Amino acid sequence: MTHQATKVSIVTEKLNEDQIEQIIVDAGATGYSVFEGSGKGGHRIKAGGRASVVGDFSLVKIEVIVADRATADAIVDRVAATYFKNYSGIVYMEAVEILRIEKF
């Protein structure tokens, strides 16, 4: 049997990773995943998989699944207010179905 949950995906510069992870933990999430990335957007091309002068400007995607929408909204609101006025990044949410609701 599956259960409804919300997945929050945050794509941002690596230099924000630790602080965003703390926001996720402070909101009550039980865990998250981080993926290195690359891409092109309004701020310029972000190359991945190559040596860079400043690794903190590379991209990461942080994903967290939470059991209730209120927790997802709290994470999204705090990340957007704290980081996206001064740093590049995007946040999106998706409704997902999960097994083992007790993990979330």
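This briefing describes the core, strand pairing, salt bridges and surface features of the structure shown above. The structure is a predicted model. Its largest nonpolar core holds 15 residues, and strand β1 is largely enclosed by the rest of the structure, because eight of its 11 residues are buried.

**Nonpolar core**

- Within the largest nonpolar core, which has 15 residues, the members that touch the most other members are V8, I10, I20, I24, V64 and I75.
- Two or more residues of this core come from each of β1 (3-13), α1 (17-26), β5 (59-66) and α2 (69-83).
- The largest contribution to this core is that of α2, which supplies five residues.
- With neighbours up to four places away in sequence set aside, V64 is in contact with T6, K7, V8, I24, A29, G31, Y32 and I75.
- Among these contacts of V64 are V8, I24 and I75, which are themselves listed with V64 among the core members that touch the most others.

**Strand β1 and its partners**

- Strand β1 pairs with strand β6 (residues 89-98) in the antiparallel sense, over 10 bridges.
- In this pairing, K7 stands opposite E94 of β6.
- Strand β1 also runs antiparallel to β5, to which eight bridges join it.
- On the β5 side, T12 has V60 standing opposite.
- Strand β1 is largely enclosed by the rest of the structure, since eight of its 11 residues are buried.
- T6 is located in strand β1, and it counts as buried because its relative accessibility is 8%, under the 20% limit.
- Beyond four places in sequence, T6 touches V64, I65, V66, R69, A72, M93, E94 and V96.

- K7 is buried, with a relative accessible area of 18%.
- Because E94 lies in strand β6 and K7 in strand β1, the pair ties together parts that are 87 residues apart in sequence.
- E94 counts as partly exposed, with 34% relative accessibility.

- D73 and R69 form a salt bridge in which the closest N and O atoms are 2.9 Å apart.
- Both residues, D73 and R69, lie in helix α2, four residues apart, which is about one turn of the helix.
- D73 is partly exposed, with a relative accessible area of 28%, and R69 is also partly exposed, at 48% relative accessibility.
- Salt bridges with shared partners join K7, K61, E63 and E94 into one network.

**Surface patch and backbone**

- A nonpolar patch on the surface is formed by V25, Y32 and V34, which together have about 220 Å² of accessible area.
- Y32 is placed in the loop between α1 and β2 (33-37) and is partly exposed, with a relative accessible area of 35%.
- Y32 is also one of the residues in contact with V64, a member of the largest nonpolar core.
- R100 has a phi near 55 degrees, a positive value in a residue other than glycine.
- R100 lies in the segment after β6 and counts as exposed, because its relative accessibility of 51% is over the 50% limit.

Terms used
Residues numbered from 1 in each chain as written. Predicted model: local features only at pLDDT ≥ 70, side-chain atom pairs only at ≥ 80, totals over all residues. Heavy atoms only, no water. Core = buried A, V, L, I, M, F, W, Y, C linked by side-chain atoms within 4.5 Å. Buried < 20%, exposed > 50% of the residue type's maximum accessible area, 1.4 Å probe, protein only. Contact = heavy atoms within 4.5 Å. Patch = residues over 30% accessible without salt bridge, like charges linked within 9 Å, V, L, I, M, F, W, Y side chains within 5 Å. Areas by Shrake-Rupley, 256 points an atom, 1.4 Å probe, with all protein chains shown as cover. Salt bridge = Lys/Arg side-chain N within 4 Å of Asp/Glu carboxyl O. Pairing = 2+ DSSP bridges.
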